[in-house]
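Have the viewer open as you read.

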Amino acid sequence: TALEKVITRQAKSRQNLPVGEKRIDDMDRFGIEVSAMSINPLWYELEREVAIKLIDVQNHKLSEICNACPDRFTAYATVSLQFPELAVKQVEHAIRNLGLCGVAVGTSVGETELADRKFDEFWAKCEELQCLVFIHPLRNAPYIRTPRLEGNGGLPVAIGHPYETTI
C-alpha cells in the first residue's frame, strides 16, 4: 500500500535515529538533558487517507516514547497541513490526548505560504492550546532548489535552510 511504501522509505532513510537506551547514553555523553523530537513534515504531498494513517502512527509512537521516559523526551506532533481542517483536529488530539508539547510544520505547504488565510483556523487552534510551533525548513523549497546552491558543499543546508526560515 502507499502507507507501507512511505514507512519503508522512512525506515531506510538516514534520519531513522535510534530511540531508547542507546539514545539516552548518547544524550548523557553529550550533556543533553532532554531531547525534543519531531518527524520532519514531509507528508504534504500525501493523499488524505494515507496522511491520516501515517501521522496517527507517528504521533502515537512519539507519545509512547515520551511517556516511557518523560524526563528525557518531549515531542512535536506532525499534522496534515495540506488539509487545514484535519490539521486542527490532529494538533488538538496530539496536545490534549497524547501529551505532545507542540507541532512541527514545514515553511510552506507546496506553493502555499503559512500566512495564507486557509490556515487561520489551524493557527487559532495552536494559540488556544498554547502549543509550541516548530517551523522546519523543507528540502525542496523554492529558495533551496536553485542552481546557485548545487554542488558538494552542502550549501542547500548551510545557506538555503537558514534563508528559508528567516523570511
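Start where α4 and α5 meet: their crossing is right-handed, a label used when the near helix is turned clockwise from the far one by less than a right angle, with anticlockwise giving left-handed. The two helices, α4 and α5 (residues 120–129), pack at an angle of about 15° with their axes 9 Å apart. Axes here are lines fitted to C-alpha atoms, for helices over the stretch in contact, and angles run from 0 to 180 degrees between N-to-C directions. Helices (H or I, at least four residues) and strands (E, at least two) are DSSP runs, numbered from the N terminus.

Who does the touching? On the α4 side it's Ala87, Val88, Val91, Glu92, Ile95 and Arg96, and on the α5 side Glu121, Phe122, Lys125, Cys126, Glu128 and Leu129, where contact means heavy atoms within 4.5 Å. By class, that's seven nonpolar, no polar and five charged residues. Ala, Val, Leu, Ile, Met, Phe, Trp, Tyr, Cys and Pro count as nonpolar, Asp, Glu, Lys and Arg as charged, and the others, Gly among them, as polar.

A word on provenance: this is a predicted model, so local features need pLDDT of at least 70 and side-chain atom pairs count only at pLDDT 80 or more, while totals for chains, interfaces and linings use all residues. Residues are numbered from 1 along each chain as its sequence is written, and side-chain values use heavy atoms, with hydrogens and water left out.

Now for the inside. The largest nonpolar core has 19 residues, and Met37, Trp43, Leu46, Leu62, Phe73, Ala75 and Leu100 touch the most other members. Such a core is a set of buried Ala, Val, Leu, Ile, Met, Phe, Trp, Tyr and Cys residues joined through side-chain atoms within 4.5 Å; buried means under 20% relative accessible area, exposed over 50%, partly exposed in between (1.4 Å probe, protein chains only). Two or more residues each come from α2 (21–29), α3 (48–68) and β2 (73–78), with α3 giving the most, seven. Leu62 touches Met37, Ile39, Ala75, Tyr76 and Leu100, not counting residues up to four places away in sequence. A second, separate core of 16 residues includes Ile95, Val103, Leu114 and Leu129.

Finally, look at Gly99, in the loop between α4 (84–96) and β3 (102–106). Gly99 is exposed, at 57% relative accessible area.
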